[in-house]
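Hi everyone, thanks for making time. Let me put the structure up, and then we can walk through two parts of it together.

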Amino acid sequence: MADTKREIERKYETRDGALPELTGVPGVASVQDKGVAHLDATYYDTADQRLASAALTLRRRTGGTDAGWHLKFPVAPGVRDEIRAPLSDDLPEGLARLVRSRVRDRELRPVIRLRSDRDVRHLLDAAGRLLAEVSIDAVHAERLTGDGGTARWTEIEVELADGGDPAFLDTVEKRLRKAGVSRSGSASKLARALEETAHGDSPAPATSAPVPTPSSKPKKRKRQKADQPVTAGDHVLAYVREQRDALVELDPAVRQDAPDSVHRMRVATRRLRSTFRSFGSVLDREVTDPIATDLKWLAGELGLDRDQEVLAERLRTALDALPPALVHGPVHDRVTAWSRAGHSGAHSHVTAILDSRRYLTLLDTLDALLIDPPLRKKASGKPGKVLAKAVRKDLDKLSALVTQALALDPGPERDTALHEARKKAKRTRYAAEVAAPALGRPAKKLIKSMKQLQSLLGDHQDSVMARQTLGELAAVAHAAGESGFTYGVLYGREERRAEITETALPGAWASMKKAIEKRAAF
């Protein structure tokens, strides 16, 4: 069974292999010698170093107090989440799945062996509590591929105790700097080992798919920053890359059922799909439409979990707000049971989807698109013109949908029309996100307006779905001989919320539209 530990540490260069005196560091009452541990770790990666390129490390280590398999994900500079599994000969399937979005069908094989003699000290406060662990690591690195280069170095590592104040590391660093010790130039031992054992024929780490630059004005491009988009195609592909990266990076979080991870992954799929549809003048839709179909499929599968999560929270909040006198029967228990059963089944389904061939092929296809994008003629055009026109087109369609929906009488037909308008508001917002780096403030203002409209329409749609679910729960309760009174009260309140939204919508939309037209940017 794997467990996760937040690791906050800093690494330092040391030439003489000596540890400066740390007893006088503010807050440190004593330094306890914990002896020397002999560590032997084998690091795994693909032939093109897909894990290393993403600053992920996967190792099997013996020796010390935490022998086993360790998978580390970067969180921030000097901060990583380490997921541990018991020592075994083969890579645990649980860890293999957490790197699947990176590895795909590539083979994981040993790439580096690190043998370290770790001389450990514990920094303790006056009450004997651990503040940090400091070690002097004498490292011998051996490359297990290619020509098998080797390297040796000694470094100081300072790791904050669990739950400790990160500011304490600054205090320790002041003392180390006064003693002439400086920060390591490598983010990890593995990164240093890969660099120092490399030969000319060693495979280069995999990188993200490059964003092609179809600009026909090289002189203008030279005046730009290396990674700054210039053409309309540059901007669209930069946004596609960002969402592709989000899918890959969120995959492990979804598998671990991290809060909000499913929602964020689903949003990334929608952003990609919307981008392909909105910017058909930039990317050939004969190529992107099949990808959009797979993205729609993935969003739908992820929605089984996300929609359940949103509805459950809405129902619990509404139920908690009711006076006790209006709660008849085991309504809380029934809502909780419905929520748990739905989430459990949905999460199992989602993790199976992330292991499916269709999903992994989709990731490969997105990589291929970024490497060799199906650019159309307007891709090389000025972003201020090409992107603005695409956003304007989406905005006009949204305006027509909202106008049509508001003209309908309240009821299922209007509910459906408002839901379609909500989806178009999202698409318009995402198109404005693509254009924002090129168009600046007008696009940012449009994004804000679309968020407001999306929130209004989203609350209305959530009310529609909540009423449907309440009706189903009431039917089950009735069949069990329970009172349906409370479900009726909640239904009525949801109905009233929808009426308020529908009443406010015409004025809100008129204000948004007036503000958008005033800016005259689209």
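How many residues lie between β4 and β5 in their hairpin? Two, and Gly78 in that turn has a positive phi of about 80°. Before going on: this is a predicted model, where local features need pLDDT of at least 70, side-chain atom pairs count only at pLDDT 80 or more, and totals for chains, interfaces and linings use all residues. Residues are numbered from 1 along each chain as its sequence is written, and side-chain values use heavy atoms, with hydrogens and water left out.

Strands here are DSSP runs of E, at least two residues, and helices are runs of H or I, at least four, numbered from the N terminus. Strands pair if DSSP finds at least two bridges between them. β4 (residues 68–76) runs antiparallel to β5, with seven bridges, and Lys72 stands opposite Glu82. β1 (residues 3–13) is also antiparallel to β5, joined by six bridges; there, Ile8 faces Val79.

On a 1 Å grid over the protein atoms alone, a cavity is a set of points where a 1.4 Å probe fits but cannot get out; lining residues have an atom within 4 Å of a point. α12 (383–406) and α15 (485–519) each give two or more residues to its lining, with four from α15. Among the lining residues are Arg392, Trp509 and Glu517.

Key
On a 1 Å grid over the protein atoms alone, a cavity is a set of points where a 1.4 Å probe fits but cannot get out, and a pocket is an open set with protein on both sides within 12 Å along at least five of seven lines; lining residues have an atom within 4 Å of a point.
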